[in-house]
Each structure stands twice: as C-alpha cells, then as structure tokens.
Protein chains: 2
Amino acid sequence: MRYELFYWPAIQGRGEFVRLALETAGADYVDVAREGAAGMQRMLDLMQSPELKHPPFAPPFLRAGRLVIAQTANILHYLGPRLGLAPDSEAGRLWAHQLQLTVEDFLVDIHDTHHPIGANLYYEDQKPESRRRAKYFREERAPELLGYFEGVLQHNGGQRGWMLGRSLSYVDLSMFQLVAGLRYAFPKLMAGIEPDIPGLVALHDRVAGRPNPAAYLTTQRRLAFNEDGIFRHYPELDKQS
Amino acid sequence: MRYELFYWPAIQGRGEFVRLALETAGADYVDVAREGAAGMQRMLDLMQSPELKHPPFAPPFLRAGRLVIAQTANILHYLGPRLGLAPDSEAGRLWAHQLQLTVEDFLVDIHDTHHPIGANLYYEDQKPESRRRAKYFREERAPELLGYFEGVLQHNGGQRGWMLGRSLSYVDLSMFQLVAGLRYAFPKLMAGIEPDIPGLVALHDRVAGRPNPAAYLTTQRRLAFNEDGIFRHYPELDKQS
C-alpha cells in the first residue's frame, strides 16, 4: 500500500508525528503537498472536494486506498498496527491512543504559548498575552505533562524501556518529537526540567539512534524547526536565567 | 456490564459527552464522584493509585471491567459500538472518531474564550485577554466549525438525517450538546448563526425529543450549565447587539 500524506509543506507541525511513524516503519508514502506547487494544489482541491465522503476539517490527513482519515491521533491509531508500531490487543491500542491524545493536548498548550489569542493573528500581535500564557506553561503544564509521561515510562519499563509493552510504538516516536521540539523552543526551561525526566531523555536518544529515524533525520524530508510551526523559539517566552 | 464513570461532580464538562452516550443507550453505569464525598475520594485515589496500569492524566475516565480508559473521545470510541451508538465498520468508526476529535478541538476553543491565559487562573484574572480571544472565536472559529459540522450533516442525510450512516450515533449526541451549550454561553452569537445551520438545530431538537435523552434531561443527573464548566455565560464575551 502506498500511503498519501497531506500536510502543510513548510512546517513539521502535527504532520511530523505521522511522518515519523511512516519513516520509522520504512513505509511507502508520498508527502503530497511537498511535491511542488501541484502537490499543494492537490491537497487544497481534495479538502474542498464535494466528492469526498469524509472531509477533513484541516490537515494532516492520510489517504490509504479508499479511506481518507484526518486528525493526527486518529491517523496514528489507524496506521499503528499496520506499521508494527502499536500493540495488537484492543486494550493496548486504546492505551497507546490515550497517550497520543494526551500528546495532542500538550501540543495545544505548546502552540498557545505563542498564540493565546488566536491563530488568525501574528505572534507580534499577541506578545503580552503570550508572555502570560508561557509563564503558565513553564510553571505548570510543561512539568506536569512531562512528569506524567516520565511516570508512564518508568512504570512500564524503566529507563531502558518503551512507553508501552516491550517494543517501540508510535507513542515513543511522539515522545522523541516532544523532547526535540521543546529543546528547540524552550532550551532554558528544558535544561531545568531534564534532570527530572531521565527516562524520556534516554528514550529520545534511543529513538534518534535507530537506523530508520536516524537516516530520516539527516534527509531533507525532515524539515528544520522554525517559527511557523508549533515549536517556536522566542527567547522571551523561555525561562529567564 | 456495569460501567463506572469518573468525572468532576459539579459540572457537565467533558464528562457530559460520555453521560449522554450512557444515558441514551440506557446503559448500567455509576457516576462515581457524584456518589457523595466518598465517591469523589474514590476518584482521586484511583487517579493516584500506583496499582493502575494505565493511569489517566485527567478525568473523565471510565472503568469497564478490567479496563480503565481516559480521554473523552477515546472513551466514546470504545463505548460507541458497545452501546449501539457507532457504526460497525472500521471506516465508519474512524469517521465517527474523527468527528468527535474535531468536537474536542472545538471544546478547547470554547473553553479558552474564558481561559486564554491559563486554567490555573480565575476568569476574573484574564478578562481583557478573554475579550480578545472571544472575538476570534465569534468571528472565525465558531462559524467555521459549526459550518463544517452542518456541511457533514447535509452531505450525509440532509435536514432529517444523522451525522453519519442512517442511525443515531454518539456524534449526534455531541452535536446536541454543542448546540445546547453554545446557546447557553453565547445566546446572541447563536441567534445570529442558527439560520445558517438549520440541520444542526433540527438535529438538536430530534435528539432532545428521543425518549432516553428526553427523560435524562429532566432528572437531577443532568447538571445545569454553570460558570465552572466549559460553556459559561459571560455576557461581555457574547456578541454585542
């Protein structure tokens, strides 16, 4: 099966969680909107198409044969077992999905540090509000959520284990991406938190060291973090030393 | 199977989407934290329990036999087929879930109209920011998302149909709750939008008129909307006439 991923071509964003899964599994896929202007047009056309039985509200979405599936966590829930990146049992799959949905909640918090007032405005138009929101993020949400994920990891397999079961899953890839993104956006905050989350830090390194993700991270398919995505480095929002 | 629902006892909140599904199906369930102080303590104890293999980050969560499942949309994804409120096919279940995840996105927007800076602060401590965020909500997010759901409904069955397939699903219950909650929180905004979403308005009424939801809505199990929940009526955040 050749999968087609549809996502904005210039940011990692939510699409990156799907890319990481496809790349890690060595899946056959096309990142449609990155195939030049024609690819982008195909994505926009498909989103508007009245033929589409199950229209997405927004990217990312995935075409898998006759299915079109949107919502990042839903896409991973579908792909996980097919790519060997999720448990077989229903209980295991629900647990993986529950964790991924908590990642999604975290992403809203991360995004809203620079867009607390609205995604329709530039960051420059909501800077005072961003400072207040980022304080709440640094002092409460980031330590709480990272602490929760660290606890799940320690409870499952300790410092050498995975987030669930005994093998790599898409949830581990999401933890890699969270650590990488937070280090980019909030380096000072992360320097302070990392001693408390040794398991997640080790997990990040183990994921990055596996052949497929390691190879992917060196290609041009891996976009750089930038100030158009979810993880943005605005020093004034980071911890002040 | 007797289900146990764990959610904050004094608000509808996210738990209401699960209550509506259980009530509509006539399921046997206990709303644990509403069984007095002891029930609330049971919820808090269970959340902290080191015995719990799959700990939730936050309520709501559901106990179903040996399973403990968190994240509202995940709970509905699990319950849907078991309560006769979701399609049987995998494609149908993914579509229902995709729509519910879009409802969850919408709930974040609705909540953040009164809490754009942080859930740790009172509304009174973030009123100017709330006014700005609510403007974005009224002018963009609310019409966009309601318009999207209206389009899905019209595409599936028109004004007398359901959100998916040919029978009531948990997505229809969520549409009922969205319309009811938005009418409570933003009556002026909704008066302006409702002519554009005749399908959703009719769907709201049809859900409310079915025997089980109709009976539930008159009981004390249905909490009133209030200013501690997601849908809060702060007139200054509504459209100004």
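1. Helix α2 (residues 36-48) of chain A lies across β1 and β3 (61-64) of chain A, and its direction makes an angle of about 85 degrees with β3(A). Helices (H or I, at least four residues) and strands (E, at least two) are DSSP runs, numbered from the N terminus; axes are lines fitted to C-alpha atoms, for helices over the stretch in contact, and angles run from 0 to 180 degrees between N-to-C directions. Contact means heavy atoms within 4.5 Å.

2. This is a predicted model, in which local features need pLDDT of at least 70 and side-chain atom pairs count only at pLDDT 80 or more, while totals for chains, interfaces and linings use all residues. Residues are numbered from 1 along each chain as its sequence is written, chains are lettered from A and ligands numbered from 1 in the order in which they are written, and side-chain values use heavy atoms, with hydrogens and water left out.

3. The strands of chain A form an open sheet of 4 strands in the order β2-β1-β3-β4, with mixed pairing (two strands pair if DSSP finds at least two bridges between them). Because β2 (29-31) and β4 (67-70) of chain A each have a single partner strand, they stand at the edges, and one side of each lacks a neighbour in the sheet. On average, neighbouring strands of this sheet are turned by 20 degrees against each other, direction ignored.

4. Strand β1 (residues 3-6) of chain A runs parallel to β2(A), joined by 3 bridges, and antiparallel to β3(A), again over 3 bridges. A:Glu4 has A:Val30 as its bridge partner in β2(A) and stands opposite A:Arg63 in β3(A).

5. β3(A) and β4(A) run antiparallel and are joined by 4 bridges; A:Leu62 stands opposite A:Ile69 in β4(A). Their hairpin has 2 residues between the strands, and A:Gly65 takes a positive phi near 65 degrees there.

6. Helix α5 (residues 127-156) of chain A has 30 residues and spans 40 Å from first to last C-alpha, close to the 44 Å expected at 1.5 Å a residue (1.5 Å times one less than the number of residues). α5(A) bends by about 45 degrees at A:Phe137, the angle between axes fitted to the seven residues ending there and the seven starting there. A:Gly158, which follows α5(A), has a positive phi near 70 degrees.

7. In chain B, the axes of helix α6 (residues 170-185) and helix α8 (residues 198-209) come within 9 Å and cross at roughly 105 degrees. α6(B) and α8(B) are therefore roughly perpendicular (65 to 115 degrees; under 35 counts as roughly parallel, over 145 as roughly antiparallel, the rest as oblique).
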